[in-house]
Amino acid sequence: MAEGEKVVAGNKKAFHDYDISEMVEAGLSLVGTEVKSLRAGKASIREGWILLENGQAYLIDAHIPHYTHGSYNNHEPFRKRKLLLHKREIDRLEVRVNERGFTVVPLKLYFKNGKAKLLIGLAKGRHTYDKREQMRKKQDQKDTERALREKK
C-alpha cells in the first residue's frame with residue numbers, strides 16, 4: 001500500500017476466479033453522501049462489474065450503503081457510477097474485451113491523496129482445474145518457506 005492510500009474495499013475473489021493481465025487506476029464520479037460513506041469504510045465491490053458502453057465506463061452493482069447521518073437526500077446504494085478514464089484507455093479496454101474474450105473487474109476501492117480511486121483489472125476467467133492448480137502452487141510455496149525458516 002502506497003503512502004497516502006486508504007483501502008476501503010477489496011475483491012480477493014477476483015484474483016481467485018480470474019487471471020489478471022493488466023491493471024488500470026480509475027477515478028470515480030460520486031455524490032457527497034457516497035464519499036462520506038466510503039470514508040467511514042463502508043463498501044463492497046465483490047459483486048460489482050464494469051460496463052463499457054458508448055465510450056464510457058461504469059461501475060455496476062457495487063454497494064455503497066447509505067450514509068448514517070444523511071438526510072432524505074441520501075444516495076442510491078446500488079446506482080450506476082461513472083468511471084473517470086481517458087478515452088484511449090477506455091478504447092483499449094473495449095478492444096480487448098470485444099476481440100479477445102477478456103472482462104473488466106473491480107479489484108480495489110481506495111482513497112489516494114483524498115480522491116476516491118478504483119483499481120480495475122483486465123481479466124480472463126479461470127477454469128476450475130486452473131484454480132486448483134493455483135491453490136496447489138501457493139500451498140507448495142508456503143510449505144517451502146516454512147521448511148526454510150525451520151532450518152535456520
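# Briefing: contacts, cores and ring partners in a predicted chain

Apart from neighbours within four places in sequence, Val-35 is in contact with Leu-30 and Phe-111. The model is predicted. The chain has 152 residues, and 34% of them count as buried. Its secondary structure comprises 4 helices and 7 strands.

**Overall build**

- Read along the sequence, the elements follow the pattern β-α-β-α-β-β-β-α-β-β-α.
- The C-alpha trace spans about 60 × 40 × 25 Å along its principal axes.
- Accessible surface comes to about 9,900 Å², and carbon and sulfur atoms account for 49% of that.
- Take the contacts between residues at least 6 apart in sequence: 68% of them join residues at least 24 apart.

**Val-35 in helix H2**

- Val-35 belongs to helix H2, which covers residues 32-39.
- Phe-111 is 76 residues away from Val-35 in sequence, yet their C-alpha atoms are 9.8 Å apart in space.

- Glu-5 is part of strand S1, residues 5-10.
- With a relative accessible area of 14%, Glu-5 falls under the 20% cut-off and therefore counts as buried.
- Setting aside neighbours within four places in sequence, Glu-5 is in contact with Lys-108, Tyr-110, Phe-111 and Lys-112.
- With Lys-108 there is also a polar contact: the side chains of Glu-5 and Lys-108 are joined at 3.4 Å.

**Charges over rings**

- Lys-108 lies over the face of Tyr-110, at 4.9 Å from the ring centre.
- Lys-124 places its charged end over the ring of Phe-102, 4.6 Å from the centre.
- How many aromatic pairs are there? The count comes to 0.

**Nonpolar cores**

- In soluble globular proteins, nonpolar side chains tend to be buried together.
- The largest nonpolar core here has 25 residues. Ile-50, Leu-83, Leu-85, Leu-109, Leu-118 and Ile-120 touch the most other members.
- At least two residues of this core come from each of S1, strand S2 (18-28), strand S3 (49-53), strand S4 (56-60), helix H3 (87-100), strand S6 (103-112) and strand S7 (115-125).
- Which strand gives the most to this core? S7 does, with 4 residues.
- A second, separate core has 6 residues, including Ala-14, Val-105, Leu-119 and Ala-123.
- Beyond four places in sequence, Leu-83 is in contact with Ala-26, Gly-27, Leu-28, Ile-50, Ala-57, Tyr-58, Leu-59, Leu-118 and Ile-120.

**Pro-106 in strand S6**

- Pro-106 lies in strand S6.
- Is Pro-106 buried or exposed? Its relative accessibility is 0%, so Pro-106 counts as buried.
- Leu-119 is 13 residues from Pro-106 along the chain, and their C-alpha atoms are separated by 6.2 Å.
- Leaving out neighbours within four places in sequence, Pro-106 is in contact with Asn-11, Ala-14, Ile-45, Gly-48, Trp-49, Ile-50, Leu-59, Leu-118, Leu-119 and Ile-120.
- Among these contacts of Pro-106 are Ile-50, Leu-118 and Ile-120, which are named above for the largest core. Ala-14 and Leu-119 are also contacts of Pro-106, and both belong to the second core.

Notes: Residues numbered from 1 in each chain as written. Predicted model: local features only at pLDDT ≥ 70, side-chain atom pairs only at ≥ 80, totals over all residues. Heavy atoms only, no water. Phe/Tyr/Trp six-rings, centres within 6.5 Å; stacked < 30°, edge-to-face > 60°. Lys NZ or Arg CZ within 6 Å of the ring centre and 35° of its normal. Buried < 20%, exposed > 50% of the residue type's maximum accessible area, 1.4 Å probe, protein only. Polar contact = N/O pair within 3.5 Å; in protein donor to acceptor, adjacent residues only side chain to side chain. Contact = heavy atoms within 4.5 Å. Areas by Shrake-Rupley, 256 points an atom, 1.4 Å probe, with all protein chains shown as cover. Core = buried A, V, L, I, M, F, W, Y, C linked by side-chain atoms within 4.5 Å.
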